[in-house]
Amino acid sequence: EPGQLSEAEVTGSPTNTDNALLKEQMTAVNERLGQLMSTYQTMDQSDAEAMDSLLKAYNIIEEDRKQVVIEFASKHPASYVSGQEVLNMYMYNPDVSQFDSVYQMLDANLLQSKLGKDLAELLESAKRTDIGQVAPEFTATDVDGSPVSLSSLRGDYLLVDFWASWCGPCRQENPNLVKTYQDFKGKGFNIVGVSLDEQEDKAAWINAIAKDQLEWEQVSELKGWNSDVAKLYGIRAIPMNFLLDREGKIVAKGLRGPELREKLDEFLN
């Protein structure tokens, strides 16, 4: 006779078990992050120095979070959770050699899955756009529909800036970019904006350029996240940027706030 349903025990799948285990290992890191977020909400956000030290503290916590994930993945190399966490962790501006070594740790079966193929694609694009690589060539159209190639802008230090009119953090970053552009454009610095707006957002894109007073070259395929340029550069989150030297080599990436100005000071003064 079949047992009563009330006596049945529901056990989690291996994925559930792994998730719970990782969550437990993340507790301390998440508590520190929570404290940092509440500090951020109560502080004077116009205090640049305080914001800067908060960002440094955040980066330290993020590094510790990475170490927890790496440790977990090394002990559970075949787990879907490991693969998903590694993907999430290296989705934005990855440390390429670290990403590569963690990828090599993962189980061959996992790497054959759809998730594994996504990881491989992300790693390939990260290698293409690593510091020291010549930035991949692309051509996209400007607001008037004229083609602009990356190589045609060579000769200055060039910031390739991925953004979109609908992206709040991008729009918040734009005043920084405008100020830096004004200060350095006469010293051999230029910017090209690559927008991830969609075809139906073309007017919003053009309005955002005018409203934010972006005077530099702007291009877009108007294909949103399906942009070939974004795929070429492994863009999974914006704002994201790459600083190129006069020969078109990537010398820095993911520069936010005062970091761009500091790099340009280093290279141009």
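Predicted model: local features only at pLDDT ≥ 70, side-chain atom pairs only at ≥ 80, totals over all residues.
Me: With which residue does Glu-173 form a salt bridge, and where in the chain do the two partners lie?

Reply: Glu-173 pairs with Arg-256, and their closest N and O atoms are 3.2 Å apart. This pair links distant parts of the chain, since Glu-173 belongs to helix H7 (residues 168–184) while Arg-256 sits in the loop between strand E7 (250–253) and helix H10 (259–268), 83 residues apart.

Me: Is Glu-173 buried or exposed, and how does Arg-256 count?

Reply: Glu-173 has a relative accessibility of 14% and therefore counts as buried, the cut-off for that word being under 20%. Arg-256, with a relative accessible area of 31%, is partly exposed.

Me: Which residue meets Glu-215 in a salt bridge?

Reply: The side chain of Glu-215 meets that of Lys-185, at 3.7 Å from N to O. Here too distant parts of the chain are linked, with Glu-215 in the loop between helix H8 (202–211) and strand E5 (217–220), and Lys-185 in the loop between H7 and strand E4 (189–195), 30 residues apart. Lys-185 counts as partly exposed, at 39% relative accessibility.

Me: How many residues apart are Glu-266 and Lys-263 in helix H10?

Reply: Glu-266 and Lys-263 are 3 residues apart in helix H10, which is about one turn of the helix, and their side chains form a salt bridge of 3.9 Å, N to O. Glu-266 counts as exposed at 52% relative accessibility, whereas Lys-263 is partly exposed at 25%.

Me: What describes two packed helices, and at what angle do H1 and H2 cross?

Reply: Two packed helices are described by the angle between their axes and the distance between those axes. Helix H1 (residues 14–42) and helix H2 (residues 48–75) have axes that come within 10 Å and cross at roughly 180°, so the two helices are roughly antiparallel to each other.

Me: Which residues of H1 and H2 meet?

Reply: On the H1 side they include Leu-22, Met-26, Val-29 and Tyr-40, and on the H2 side they include Leu-54, Ile-61, Val-68 and Phe-72. The residues of this contact divide into 16 nonpolar, 3 polar and 4 charged.

Notes. Residues numbered from 1 in each chain as written. Heavy atoms only, no water. Axes fitted to C-alpha atoms, helices over the stretch in contact; angles between N-to-C directions. Helix = DSSP H or I, 4+ residues; strand = E, 2+ residues; numbered from the N terminus. Parallel < 35°, antiparallel > 145°, perpendicular 65-115°, else oblique. Contact = heavy atoms within 4.5 Å. Nonpolar A, V, L, I, M, F, W, Y, C, P; charged D, E, K, R; others polar. Salt bridge = Lys/Arg side-chain N within 4 Å of Asp/Glu carboxyl O. Buried < 20%, exposed > 50% of the residue type's maximum accessible area, 1.4 Å probe, protein only.
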